[in-house]
Amino acid sequence: MYRLNLPPYATKIRQTAGRSMIFDDLRRKYVALTPEEWVRQHFVHYLTGHLGYPASMMANEVELAVGQKRLRCDSVLYGMQAEPRMIIEYKAPTIALTQKVFDQISVYNMLLHVDYLMVSNGMQHYCCKMDYEHQKYLFLKEIPNYENI
């Protein structure tokens, strides 16, 4: 797999039916090891292990419904009253983080109305704080610790 711009961690990888699987601590099961999943698992471990984000308040593959259409947020961080606080979108390391990625996460945010948006391809990471009053998002210089959001 790819070397990422994230701290390493002790991954749990196994082979099932000829496919590589990685253990997802949030979903508590093995999932297909794709380049995007490699980024997701490293990023979640970075948030929980280095920045103090409580794993108990995070979820992966959160389904959203817009009429008959189903969307999936890669990860969502919830607040103390189980309200969504942050949406995180992951891309494979070979995928550039373009405006299209921010447009995608903005669509999810129309439904969840969170305080923060994050995107990562494992090499670059961006965190934005929403400014609903001025209808824009403000890029932060670094990803905040959990206690600062």
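Residues are numbered from 1 along each chain as its sequence is written, and side-chain values use heavy atoms, with hydrogens and water left out. Because the model is predicted, local features need pLDDT of at least 70 and side-chain atom pairs count only at pLDDT 80 or more, while totals for chains, interfaces and linings use all residues.

We can start with the strands. Helices (H or I, at least four residues) and strands (E, at least two) are DSSP runs, numbered from the N terminus, and two strands pair if DSSP finds at least two bridges between them. Three strands build an open sheet in the order β1-β2-β3, with antiparallel pairing. β1 (13–16) and β3 (29–32) stand at the edges with a single partner strand each, so one side of each has no neighbour in the sheet. From one strand to the next, the twist averages 45 degrees (axes are lines fitted to C-alpha atoms, for helices over the stretch in contact, and angles run from 0 to 180 degrees between N-to-C directions). Four bridges join β1 to β2 (residues 19–24), and Gln-15 stands opposite Ser-20 in β2.

Helix α1 (residues 35–50) lies across β1, β2 and β3, at about 20 degrees to β2. Val-44 belongs to this helix and is buried, at 4% relative accessibility; buried means under 20% relative accessible area, exposed over 50%, and partly exposed in between (1.4 Å probe, protein chains only). Not counting residues up to four places away in sequence, Val-44 touches Leu-26, Met-58, Asn-60, Ser-75 and Tyr-90, where contact means heavy atoms within 4.5 Å.

Charged side chains come next. Nine salt bridges are found in the whole structure, each a side-chain nitrogen of Lys or Arg within 4 Å of a carboxyl oxygen of Asp or Glu. In one of them, Glu-37 meets Arg-27 at 3.0 Å, N to O. This pair links helix α1 with the loop between β2 and β3, 10 residues apart. Glu-37 is buried at 6%, whereas Arg-27 is partly exposed at 24%. Glu-63 and Arg-72 form another salt bridge, at 3.4 Å. Both of these pairs belong to a network of salt bridges that links Asp-24, Arg-27, Glu-37, Arg-40, Glu-61, Glu-63, Arg-70 and Arg-72.

Asp-115 and Arg-85 also form a salt bridge, with closest N and O atoms 2.7 Å apart. Asp-115 lies in the loop between α2 (99–112) and β7 (116–120) and Arg-85 in β6 (residues 84–90), so the pair ties together parts 30 residues apart in sequence.

Asp-131, in strand β8 (residues 125–131), is buried yet has no salt bridge, and the nearest side chain of opposite charge, Lys-136, is 4.9 Å away. For charge, Lys and Arg count as positive and Asp and Glu as negative; His and the chain ends are not counted. The side chain of Asp-131 does make a polar contact with that of His-134 (2.9 Å). A polar contact is a pair of N or O atoms within 3.5 Å; within protein, one must be able to donate a hydrogen and the other to accept it, and residues adjacent in sequence count only if both atoms are side-chain atoms.
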